[in-house]
Amino acid sequence: MEFSYHNPTGIEFGKGKIKEIANLIPKDNKVLVVYGGGSIKKNGAYDQVAEALKDHEWLEFGGVEVNPTVETMNKAAQIVKAEGVDFILAVGGGSVIDGSKYLAAASLYDGDAWDFLDGTAEVQKALPIGVILTLAATGSESNNLTVVSRKTTDEKRMYFSDHSYPKFAVLDPSFMGTLSDRQLGNGLVDAFVHISEQYLTKTNDVLVNDGYAETLYKGLVTLAQKWDERRTLWWQENLMYICNQALNFQLANGVCQDWSTHLIGHELTAFYNLDHARSLAVILPHLLREMIEEKQEKLAQFGKNVFGIENDNEAVIKKMEKLFESVGLPTKLTAYEIDDKVIENVHGAFKSHGYLELGENGTVTLEKVANILNRSMAA
Ligand code: NZQ
Ligand code: ZN
């Protein structure tokens, strides 16, 4: 067992915690408040931010899209540079947070900041970021991952940088009251798949990770079983906490990982605009079937400890599909309008990104990816 782990993001969890930002952001910083399509004006977050920042100098940038684009965030970088902004406050879900992480680095970079996405350059410095989370799903609020898209080339890519860790994240579940059922279901499934990509690989001796992953899984199973209670505070605060823990990468310490589902899913979003979590729900069960030989032991452990199913991995996968469907997410690609170029498109992107041997054993090849997509498209 060997790893390095340092997560510097401070978490402020609970109703009314937004007022803490008055002290968490230095008084002499000029703040850019970044948000999306306007949901923050309906759930009270905008007004509470304005109140908390009443002694700060601040300006705002709205209009960050779902699946944020560099085209939009580069416009924000111009404002940051022109106005001398020195603190970015992201208010929203994963898209606003990721767009802000990119913005924080792009604002201090002289070249085209897509360089961070295609691996040409590493982030050397970035402005400090703070987060007010309004949607539980990605875990982006306290991790070092940034996922952004480039509209002009239909690409969705990601990079890791320790400069992307937010200084703080305010997790106030009371902002979740305006989320649609679709977003609640998406969040639950995104977290489920985040745990899976750090857990459903090979058996290991890291007792902490397996135990914690199974606890988080069981929490999500309970929330899915109690889907009728999704409008209550206890349900929403548990989802917010679990989603946060599922992807602060603590589960990855000392174990191997398999992010193939996310990498395939990102292409489905880039080409066919599926919601992020929906792109995962149509891949993970089929990937588990395709890679069953390599994953059988861990899948059996998962089945026994999380679902209480023994010696029947197909039943375990079916149960997972039922869980995704029970919160409104289809598990077949045929549920969406996909053309007959899907395999060609995903293959083309994977070749250009060098994703030729994914998975914990490097065995998720282009051929396997085609099989997984075909399984998801079979009747
Ligand atoms: O744009 P606004 O008006 O804010 O509306 C958003 C958006 O339409 C809305 N919303 C957010 N909070 C709300 C609300 N509506 C009502 N009430 C509220 N309280 O929800 C819609 C979806 O928001 P978005 O931020 O796109 O959702 P999510 O948090 O699922 O983020 C998805 C993005 O994160 C990336 C995904 O690929 C995708 O681009 N990911 C980022 C990760 C990371 N950085 O760690 C990991 C993930 O695996 C993922 O790839
Ligand atoms: Zn995800």
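In this predicted model, an oxygen atom of ligand 1 lies 2.5 Å from an N or O atom in the side chain of S95. Of the 960 Å² that ligand 1 exposes when taken alone, the protein buries 88%. Ligand 1 sits in the largest pocket, and it lies between domain 1 and domain 2 because both give residues to the shell around it.

**Polar contacts**
- The side chain of S95 approaches an oxygen atom of ligand 1 through an N or O atom, at 2.5 Å.
- G38 takes part through its backbone, with an N or O atom 3.1 Å from an oxygen atom of ligand 1.
- For T134, a polar side-chain atom is 2.8 Å from a nitrogen atom of ligand 1.

**Surrounding residues**
- Ligand 1 is surrounded by 31 residues, of which G37, G94, S95, K156 and T178 are the closest.
- The shell around ligand 1 divides by class into 19 polar, 9 nonpolar and 3 charged residues.

**Elements and domains**
- Three helices, α4 (94-106), α6 (181-199) and α9 (260-272), each supply at least two residues of the shell around ligand 1.
- The strand β6 (145-150) likewise supplies at least two residues of that shell.
- Domain 1 covers 10-174 and domain 2 covers 180-377. Both give residues to the shell, so ligand 1 lies between them.

Conventions:
Residues are numbered from 1 along each chain as its sequence is written. Chains are lettered from A and ligands numbered from 1 in the order in which they are written. This is a predicted model: local features need pLDDT of at least 70, side-chain atom pairs count only at pLDDT 80 or more; totals for chains, interfaces and linings use all residues. Side-chain values use heavy atoms; hydrogens and water are left out. A residue is near a molecule or strand if one of its heavy atoms lies within 4 Å of it. A polar contact is a pair of N or O atoms within 3.5 Å; within protein, one must be able to donate a hydrogen and the other to accept it, and residues adjacent in sequence count only if both atoms are side-chain atoms. Accessible areas come from the Shrake-Rupley method with a 1.4 Å probe; for residues, only the protein chains shown count as cover. On a 1 Å grid over the protein atoms alone, a cavity is a set of points where a 1.4 Å probe fits but cannot get out, and a pocket is an open set with protein on both sides within 12 Å along at least five of seven lines; lining residues have an atom within 4 Å of a point. A molecule sits in a cavity or pocket if more than half of its atoms lie within 2 Å of its grid points. Helices (H or I, at least four residues) and strands (E, at least two) are DSSP runs, numbered from the N terminus. Ala, Val, Leu, Ile, Met, Phe, Trp, Tyr, Cys and Pro count as nonpolar, Asp, Glu, Lys and Arg as charged, and the others, Gly among them, as polar. Domain bounds come from an automatic or database domain assignment.
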